[in-house]
Amino acid sequence: RRASDDPQRIVAILSGSRDPPAMPDDFRSLVLDRARSRLGYREDAGRPNRGLIVRLSLAGAVRGGKPLGIHEGVAWCAAFAGLCLFDDDLRAARAWTPELHAAGQLPQPIGWRAAVWECVRDARATGAFFEAQAALEPLPGDLIVCGRSGQDPRVPGQEGHIAIADERADGGVYAIGGNEASPTPGEPDGVRRTLRRWDDTREPIVGVIRIGDAASGAGDGGQR
């Protein structure tokens, strides 16, 4: 467990009282480091979508320009991505707009959201969303967007899943996500590293959100 994720700090995170952290030159690597540092976190046993990692993930979620105000009891993969993007900088999360990103004032190409379709909407507004058919090779720290339960998060209001790309794999990419199911029956969902395959039809990869270097917009990347 990260020292910075001590439960006593949730009040400080919610208040937004900390100074915003200095951004490194490689923001994408920072996002991935934050995701990796939270591997192993789990929901509370027998309490789906509840527990410390859920509260931390939803602490900064914003909707309609206001704090979401929901801290447990909902799916949290999108909120976990927001946690990795913003960490505990709630002032940045609440101020985020596509215009501030375009002006180079905030490196995050999406806001801290609670729904995957909201992440896709933001990324389209900043030019950071790429359809899976575009054959964009996700770089470590980019976001992988998947469909779920027959729904497509490219459509507003529909369900999906989102995770942070970690490492290229044959036919897919390993990604770190929140709200990931355990391969062991009965274990609670949590933060796990999962292989996401390009040919998966159950949870198909529908797009990639490019996380650029600090204040550099969508960044650049290769083809797969």
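**Close-up 1. Asp87 in the loop between helix 4 and helix 5 (90-95).** In this predicted model, Asp87 is buried, with a relative accessible area of 14%. Its backbone deserves a look too: phi of Asp87 is near 55°, a positive value in a residue other than glycine.

**Close-up 2. Asn49, a residue with positive phi that is not a glycine.** Here phi is about 60°. Asn49 belongs to the loop that runs between helix 2 (27-37) and helix 3 (52-58). With a relative accessibility of 18%, Asn49 counts as buried, because the cut-off for that label is under 20%.

**Close-up 3. The edge-to-face pair of Trp76 and Phe80.** The model has 2 aromatic pairs. In the one shown here, the ring centres of Trp76 and Phe80 are 6.4 Å apart and the planes meet at 80°, so the pair is edge-to-face. Trp76 and Phe80 are both buried.

**Close-up 4. The stacked pair of Phe86 and Trp112.** Centre to centre, the rings of Phe86 and Trp112 are 6.0 Å apart, with 15° between their planes. Phe86 sits in helix 4 (residues 77-86), while Trp112 comes from the loop between helix 6 (98-102) and helix 7 (116-126), so this pair ties together parts that are 26 residues apart in sequence. Phe86 is buried, as is Trp112.

**Close-up 5. Arg193 over the face of Tyr174.** To finish, have a look at an arginine placed over an aromatic ring. Arg193 lies 4.3 Å from the centre of the Tyr174 ring.

Technical notes. Residues are numbered from 1 along each chain as its sequence is written. This is a predicted model: local features need pLDDT of at least 70, side-chain atom pairs count only at pLDDT 80 or more; totals for chains, interfaces and linings use all residues. Side-chain values use heavy atoms; hydrogens and water are left out. Rings of Phe, Tyr and Trp (its six-membered ring) pair if their centres lie within 6.5 Å; planes under 30 degrees apart count as stacked, over 60 as edge-to-face and the rest as tilted. Buried means under 20% relative accessible area, exposed over 50%, partly exposed in between (1.4 Å probe, protein chains only). Helices (H or I, at least four residues) and strands (E, at least two) are DSSP runs, numbered from the N terminus. A charge sits over a ring if NZ of Lys or CZ of Arg is within 6 Å of the ring centre and within 35 degrees of the ring normal.
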